[in-house]
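I opened the model to look up a few points on sheet pairing and chain dimensions. My entries follow.

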Amino acid sequence: MTRTLLNRSRRHVATTWPTSVLAILGLALAGVALLNAYGSDYVTTVAVGVATYAVLGLGLNVVMGYAGLLDMGYAAFFAIGAYTSAICGVHLGLDFFASIPIAIAVTALAGVLIGYPTLRLRPDYLAIVTIGFGELVRTIANNWDYVGASRGLYPLPIPELFGFTFHSPIRQALLAFALLAVAVVLVNRLGRSHIGRAWRAIRDDDFVTESVGLPTLRLKIGAYVAGGAVGALAGSIFAARSVAIDPTNFELMLSVQLIMVVVLGGLGSTVGVLGASLVFVALPEILRSIQDYRLLVFSVAVIILIELRPRGLVPERSVLPPAAALAAARTTPATTTSPPSAAATQATTATPEEPAPLLRATGITKRFAGLVALDDVSLTVEAGRVVGIIGPNGAGKSTLINAITGVHRATSGRVELRGRDITRLAPHRIARLGVSRTFQTTRLIDQMAVLDNVTVAAYATTDLGLRHALFAPRTVRHRDFTAAVRAWHQLDQVGLTEAAARRPGSLSYADRRRVELARAMIMEPSLLILDEPAAGMNPKEKADLTRLLRTVAASGVAVLLIEHDMPLVTAAADEVVVLDQGRILATGAPTEVLALPEVIEAYLGHPTDDEEPDR
Amino acid sequence: METLVQVLIIGGTVGSFYALVALGYTMVYGIVRLINFAHGDLVMVASFIGWVMLEQAWVQAMPTLLGILLAAGVAIAGTALLSLTLLRLLYARLIGRSTLGFLLVTLSVAFAMEEIIKLIFGARERAYPNYSLATETITIGAIRLAGMDLVVIGLAGTLMVGMIWFAQRTMTGAAMRALAIDHDAARLMGVNVTALIAAAFAIGAALAAVTGVLSGVYYGRISFDMGFMLGLKAFTAAVVGGIGNIGGAVLGGLVIGVLEALVQGYLAGAWSDAFIFGALILVLYLRPQGILGERVAVRA
């Protein structure tokens, strides 16, 4: 009950930004005032402990809840933050408040050093490396005399701001709650921003996000580092209120307990983390007898929670724009549908003597350990043309697409986009240059509403950064609104607006393909690659698709169409390329190519001996 | 020179423990691509089962070797059963559905097992009976070898050779290797994945149990929190050797064991964990697939 109320108020607050900041700061101050009026020093100290824990939980929530990365050594960030802040105070004589940015910077650097090599690998590697990192940091702290080795670092200076010293528990509580409020505001802004949406998408399918232009690796490192920065903030708070810090404050068990707090609070939920921190820290203080069983109880609770809803570990929270936005999108006249894409303007300004075609692939060869999937394939696609690629299964059609879009690097050969070499670029870079695609087996993010699935691809064309996410939430919200309206129009183009708020899981096969098409189109591609878009569609839908493809091409976009449906290819394509066993068998106008005997043979095979006499 | 040989022997012993545990990680990982965080604590549970057995008067009345073998046998059976029960009840439904869920559940199971053992046996260390072999030494020239080191290395070595033989020469082993290379292809060839997962969990648990009883006899002391860090180092060994690769687990275990012994013998012992985990991070920078491993970078 309280939880839903809190949630509702949070959501309400979220719609008016400055109010939300004030409200959260006000709540923090009210908490301190309550402690001041009614709390003993002991209660206040416990409350500061809760606040520190809550900041840590919020930071870990960015890594685990938002981006879905398991960080098992989060205490390392806490330690680096606390030690940096303490070193600044003890050894360098720096003011506490000056030490906070330094602590955050040092922690962020450590985060990049650990995150970069690890996040390239499978996700579970992060878990193991971060455990190692946590132990590494603790071992160093335990043995390094400069930071007092196992004795710890002391005495830590008392923070002071304009002559106001934070020496008593209640003053420390003021500091801790103020910093907690800052953390809540910043973490919530991150979660609601375009970056937060990108993280949620990555959590579900980091292959798709890469293909729609999201710099996946950079975003993952970003989540890890952002979480680390919040941990550093918690470390600073810890150093500010402690007389001494020593390595026992930063053991593996702390990381494990924080994971439990975040999981039990509900991954991705700020209120949940705050509540769980309160329960985890304060409850054992009240009930001394459960102290010994705390870890057991929490372990069992985590097991039960996950076993009961393994898929729903992360509460699904739609980031659909307010109803008003959708209403506005609905009423916007249809004439403004899909703004003329970059490609279109390019195409209209293109003069016949322009040398480079839109896409030129030359001599593409791809080998997979002995198997030659593509053998010296060359292909040119001009803007405004639909080129169909046909061929029997295993002919190398999907491999060719993967080579063009950067998913697999070609063994040899060269891919050029408007004369620029893109052979070795990462998939998200190629996507950002204007190549978008759909997948043979649809890949949508099932945890997100259909509209969000389309909106997430708008990230590719955004110029917003972390700065905006943290400090310009209005700009982010405005852009989100615009992106949602654009996504709405794209859904309108494929006739799926009524499904905008639904989850992709409930859509038919053909509808899922259409969502993919809308997602590809919102990126304003100059080259659109469709991998069997008509599979599962009925004749009426195929006719609609053909018309849509012609419209898209007419706006100046080049379309590469892989399809088995010959009538559709004949109707939609200007030109057909036949692939067979990794080689180009024929190229030309659809009707001519499909009549060639070798093409028919490639599809239907050699006449067998039994059939021979009949012919 | 003499010290170097002794350090290497100690490294070989510790490395043998890591290798035995690493084999369990690597077999499970090879099949389901998931880390079982509770694996290290199976070593701990096994060492307690063994301790309870060895404390029984009727076991103590038996000849020493027979008593230890009996205790080890019960520990192996009990741990394998525990592992299969956990797989059936908790893990199976998460495999292939939720990576984060699997990692979190095994992590929680690890700590739940530790807390339960702590509730039953208390937080203090428990001592294994004293065996004469544990203090026996053999002197070759200037080098003094502890008898137990040789026993551990010999026994573990036999098991490791056996595991490599199992992986290379048996149908089950071949199926496991096939799964590690190409999941879908192996499935299409009729490999029974569910049965193989159970086999990997059971064999891994058995090897962990051997490690548990053997390390109890070797070190003489066991405690509720001995398993997790051992598990982490063993996992590090599996990664360094090339995760999913049975030979790699053996190699990685020995490399990590010798590295640890060298740091403890020649540098400062307190730094050895920093070296091990530093080595892990370095390996992931330079050769993420490990010494003998295959490609691990994510590209769908």
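I looked up the sheet in chain A of this predicted model. Four strands form an open sheet in the order 4-3-6-7, with antiparallel pairing. Strands are DSSP runs of E of at least two residues, helices runs of H or I of at least four, both numbered from the N terminus; two strands pair if DSSP finds at least two bridges between them. I noted strand 4 (371–381) and strand 7 (420–421) of chain A as the edge strands, each pairing on one side only.

I then checked strand 3 (residues 359–368) of chain A, which pairs with strand 4 of chain A in the antiparallel sense over seven bridges. A:Arg360 has A:Thr380 in strand 4 of chain A as its bridge partner.

Next I turned to chain B. I found 13 helices and four strands there. The radius of gyration of chain B (over C-alpha atoms) is 19 Å. The globule rule (2.2 Å times the number of residues to the power 0.38) gives 19 Å for 300 residues, so chain B is as compact as a globular protein of that length. Its C-alpha atoms fill a box of roughly 55 × 45 × 35 Å along the principal axes.

On conventions, residues are numbered from 1 along each chain as its sequence is written, and chains are lettered from A and ligands numbered from 1 in the order written. Local features need pLDDT of at least 70, side-chain atom pairs count only at pLDDT 80 or more, totals for chains, interfaces and linings use all residues, and side-chain values use heavy atoms, without hydrogens and water.
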